Amino acid sequence: MTDIAERFDTTALGSLPTGWLSQFASCDVDVRDTTTAPTIPAVRSTANGLRVQPTLSSGYGRAWYDTDVGADVRVSVSVYINDPNTKLHVFARGINLAGATPTMYVLGGPRDLRSNAPWKLWKVEAGAATQV
């Protein structure tokens, strides 16, 4: 299994790390200084973090490491969300991610992350999502 860790600590603010891409609409996707945001210091690993900030309620953004890591991969993420209505999705691999019709498997959290609602696995094929 390939281990790749991105802590964003050597990435210039306002950009993405080398080898990363993003796709977004009405949204900012970049690295920001997280020391000014309220957070739990024991959880934060570095001062910088990836920011996905919609500028409209219909906005969305995604960022990914654009290198093939092989068939066996494990993904983890630490997230600070200041709006409980933010949708959070985590994916490990996909194709056409920079387009409007990506194909990937996505683990999606409930609309209100404070609830005890379950996370769901989705198969997104050519932009159309179905729950697995």
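**Entry 1: ground rules**

I am working with a predicted model, where local features need pLDDT of at least 70, side-chain atom pairs count only at pLDDT 80 or more, and totals for chains, interfaces and linings use all residues. I number residues from 1 along each chain as its sequence is written, and my side-chain values use heavy atoms, with hydrogens and water left out.

**Entry 2: confidence**

I checked pLDDT, the predictor's confidence in each residue on a scale from 0 to 100. The protein chain averages 81, and 89% of the residues score at least 70. I then noted that residues 39–43 have a pLDDT below 50, and that this stretch has 3 contacts in the model beyond near neighbours in sequence. Among the elements of the chain, strand β3 (residues 48–54) has the lowest mean pLDDT, 82, while β8 has the highest, 94.

**Entry 3: the overall inventory**

I took helices (H or I, at least four residues) and strands (E, at least two) as DSSP runs, numbered from the N terminus. The count for the protein chain is 0 helices and 8 strands. For burial I used relative accessible area: under 20% is buried, over 50% is exposed, and partly exposed is in between, with a 1.4 Å probe and protein chains only. Of the 132 residues in the protein chain, 22% are buried. I also looked up the accessible area, from the Shrake-Rupley method with a 1.4 Å probe and, for residues, with only the protein chains shown as cover. The chain exposes about 9,000 Å², and carbon and sulfur atoms supply 52% of this area.

**Entry 4: a four-stranded sheet**

I next followed the order β5-β6-β7-β8, in which 4 strands form an open sheet with antiparallel pairing. Strands β5 (89–95) and β8 (128–131) are at the edges with a single partner strand each, so one side of each has no neighbour in the sheet. From one strand to the next, the twist averages 20 degrees; the axes here are lines fitted to C-alpha atoms (for helices over the stretch in contact), with angles from 0 to 180 degrees between N-to-C directions. Two strands pair if DSSP finds at least two bridges between them. As a reminder to myself, strands of a sheet pair through backbone hydrogen bonds, either parallel or antiparallel.

I then stepped through the pairings of β6. Strand β6 (residues 103–108) is joined to β5 by 5 bridges, and the two run antiparallel. On that side, H89 stands opposite G108, and G94 has M104 as its bridge partner. Another 5 bridges join β6 to β7, again antiparallel, with Y105 opposite K123 in β7. I also compared the faces of β6: M104, V106 and G108 make up the covered one, and T103, Y105 and L107 the uncovered one.

**Entry 5: aromatic rings**

My rule here pairs rings of Phe, Tyr and Trp (its six-membered ring) if their centres lie within 6.5 Å; planes under 30 degrees apart are stacked, over 60 edge-to-face, and the rest tilted. The count by this rule is 2 aromatic pairs. One of them joins F8 and W20 edge-to-face, at 5.4 Å centre to centre and 70 degrees between the planes. F8 is in the segment before β1 and W20 is in strand β1, so this pair ties together parts 12 residues apart in sequence. Ring pairs link F8, W20 and Y65 into a cluster. F8 is buried at 11% relative accessible area, and W20 is also buried at 17%.

**Entry 6: single residues**

T11 lies in the segment before β1 (20–25). Is T11 buried or exposed? I find T11 buried, with a relative accessible area of 9%. Apart from neighbours within four places in sequence, T11 is in contact with E6, L16, P17, V31 and N48.

I moved on to two loop residues. N96 sits in the loop between β5 and β6; N96 has a positive phi of about 55 degrees, although it is not a glycine. N96 is partly exposed, at 42% relative accessible area. R111 is in the loop between β6 and β7 (120–125) and counts as partly exposed at 49%. R111 and T86 are 25 residues apart in sequence, yet their C-alpha atoms are 6.3 Å apart in space.

Definitions and conventions:
Contact = heavy atoms within 4.5 Å.
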